[in-house]
Amino acid sequence: MKTIPFSPPDITEQEIDEVADALRSGWITTGARTKEFEKRIATYTGAAGCACLNSATAAMECILRVLGVGPGDEVITTAYTYTATASVTLHVGAKLVLVDCNKDSFEINYDQVKDKINENTKVIMPVDIGGRMCDYEKLFNIVQQKAPLFHANNEIQRAFNRPIILADSAHGFGASRNGIMSGNAADFTAFSFHAVKNLTTGEGGAATWRQNTLLDNESIYKQFMLQSLHGQSKDAFSKNQLGAWEYDIVSPAYKCNMTDINAAIGLIQLKRYPDLLAIRKKIIEIYDNKLLPLGIERLVHFEDDIVSSGHLYLLRIPGIEEDKRNVIIQRMAEKGIATNVHYKPLPMMTAYKNIGFKMKDFPNAYNQYKNEITLPLYSRLTEDEAEYIADSITEIIKEIR
């Protein structure tokens, strides 16, 4: 029997050699490789700047802190996401406001976003689930309409003078919509380079931001560095220069920097990335050709003006409920195929129930979840394995129905 994991990393001897070089260099924490990785990400995405951190979660939280979001403020995001999107709002002491998905869609409900914006709203956090970007043009139209309600708390907020759009594009590195790359579509964007992501650094993430003529990019970058290195005025690389030991602590901040070991992996992954994306696109085509005739619904990765990163193959099986969906997952496991569910909506989780969220208030999210299955999709997956996966789930669905 075949054994097909869900999402193993694609690591070659190139990444191993680059990590070995980093280890031999005598400098393994944040240094020249991390700075180079930041520059290449900014160039790749078209962003005005990039700060590499140890996770997308850290990136989102640091963005909120750089923006000055805190108690008394509100942040709007979708109920159909992983906890990290929502938990960072609670970390900074702001109020979490959840909205539903659009009907029969994984995207945030734009009408509900518009309705929920009030004088306390500081940030909107859409999620580029599966690697397909949200409609940022629509979101910018909404926040511009609501600009008269906005009350800025600091100079950075005044540079926007409207609710700020922070994209959770943990899945979206390499995606584009209307010719604009993820990382340069929202005001700020958070990427994940976790082990299961298209491009991995083992653990890691990045914050990017698009150009704003009222903001100084170097100043923004410095604030991210302060947030990620204890509020220390010099990083370890600068302190290590001869006679340059002295530093200040300008705020009691956090520790979430990326290391040069992680960046070494990322530099090679980025060089290989066009080929990795092409493999993902081919697997998606195999799944679509096999499964769409069954009446399967799936996240659409490629349209005229939409190019997905192809991170997750999310499918839905119309006419079934959770119990049958779970049987299909178990039957796939018996065939040696690991599958997953993306996502169990936040109001179904204990932590968010305890805050007061109720699943009945998010019917579209529940309908997306109840019959959703995510198939393996990664660059080490062979075409034969993709065919086997598609044929296996086809067989099981026909039996279940």
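## About the model

The model is predicted, so that local features are described where pLDDT is at least 70 and side-chain atom pairs count only at pLDDT 80 or more, whereas totals for chains, interfaces and linings use all residues. Residues are numbered from 1 along each chain as its sequence is written, and side-chain values use heavy atoms, with hydrogens and water left out.

## Aromatic pairs

Rings of Phe, Tyr and Trp (its six-membered ring) pair if their centres lie within 6.5 Å, and the planes count as stacked under 30 degrees apart, as edge-to-face over 60 and as tilted for the rest. By this rule the count comes to 12 aromatic pairs. One of them is the tilted pair of Phe37 and Phe193, with 5.6 Å from centre to centre and 50 degrees between the planes. Phe37 lies in helix H2 (residues 32–45) and Phe193 in the loop between strand E8 (188–192) and strand E9 (205–209), so the pair ties together parts that are 156 residues apart in sequence; helices (H or I, at least four residues) and strands (E, at least two) are DSSP runs, numbered from the N terminus. Phe37 counts as buried at 0% relative accessibility, and Phe193 counts as buried at 0%, where buried means under 20% relative accessible area, exposed means over 50%, and partly exposed lies in between (1.4 Å probe, protein chains only).

Tyr80 and Phe106 form another tilted pair, at 5.5 Å centre to centre and 55 degrees between the planes. Tyr80 is in the loop between strand E2 (74–78) and helix H4 (83–91), and Phe106 is in the loop between strand E3 (95–99) and helix H5 (110–116), so this pair ties together parts that are 26 residues apart in sequence. Both Tyr80 and Phe106 are buried. Phe37 and Phe193 also belong to one aromatic cluster, together with Tyr44, Phe173, Phe191 and Tyr273.

## Salt bridges

A salt bridge is a side-chain nitrogen of Lys or Arg within 4 Å of a carboxyl oxygen of Asp or Glu, and the structure holds 23 salt bridges. Among them is the bridge between the side chains of Arg272 and Glu15, at 2.7 Å from N to O. This pair links distant parts of the chain, with Arg272 in helix H10 and Glu15 in helix H1 (residues 13–24), 257 residues apart. Arg272 is buried, with a relative accessible area of 13%, and Glu15 counts as buried at 1% relative accessibility.

Arg210 forms a salt bridge with Asp187, the closest N and O atoms being 3.8 Å apart. Here Arg210 counts as partly exposed at 29% relative accessibility, whereas Asp187 counts as buried at 3%.

## Helix H13 and its surroundings

In helix H13 (residues 363–370), the buried residues are Asn364, Ala365, Gln368, Tyr369 and Lys370. These buried residues pack against strand E13 (313–316), helix H11 (322–334) and strand E14 (372–375), where contact means heavy atoms within 4.5 Å.

Two of these residues take part in interactions of their own. The charged end of Arg325 sits over the ring of Tyr369, 4.6 Å from its centre; a charge sits over a ring if NZ of Lys or CZ of Arg is within 6 Å of the ring centre and within 35 degrees of the ring normal. Lys370 forms a salt bridge with Glu321, with the closest N and O atoms 3.3 Å apart. Lys370 lies in helix H13 and Glu321 in the loop between E13 and H11, 49 residues apart. Lys370 is buried, with a relative accessible area of 16%, while Glu321 counts as partly exposed at 39%.

## Backbone details in loops

A cis peptide bond joins His342 and Tyr343, with omega at about 0 degrees, and Tyr343 is found in the loop between H11 and helix H12 (350–355). Asp104, in the loop between E3 and H5, has a phi near 55 degrees, a positive value in a residue other than glycine. His230 has a positive phi near 65 degrees and lies in the loop between helix H8 (217–228) and H9. His230 is partly exposed, with a relative accessible area of 39%.
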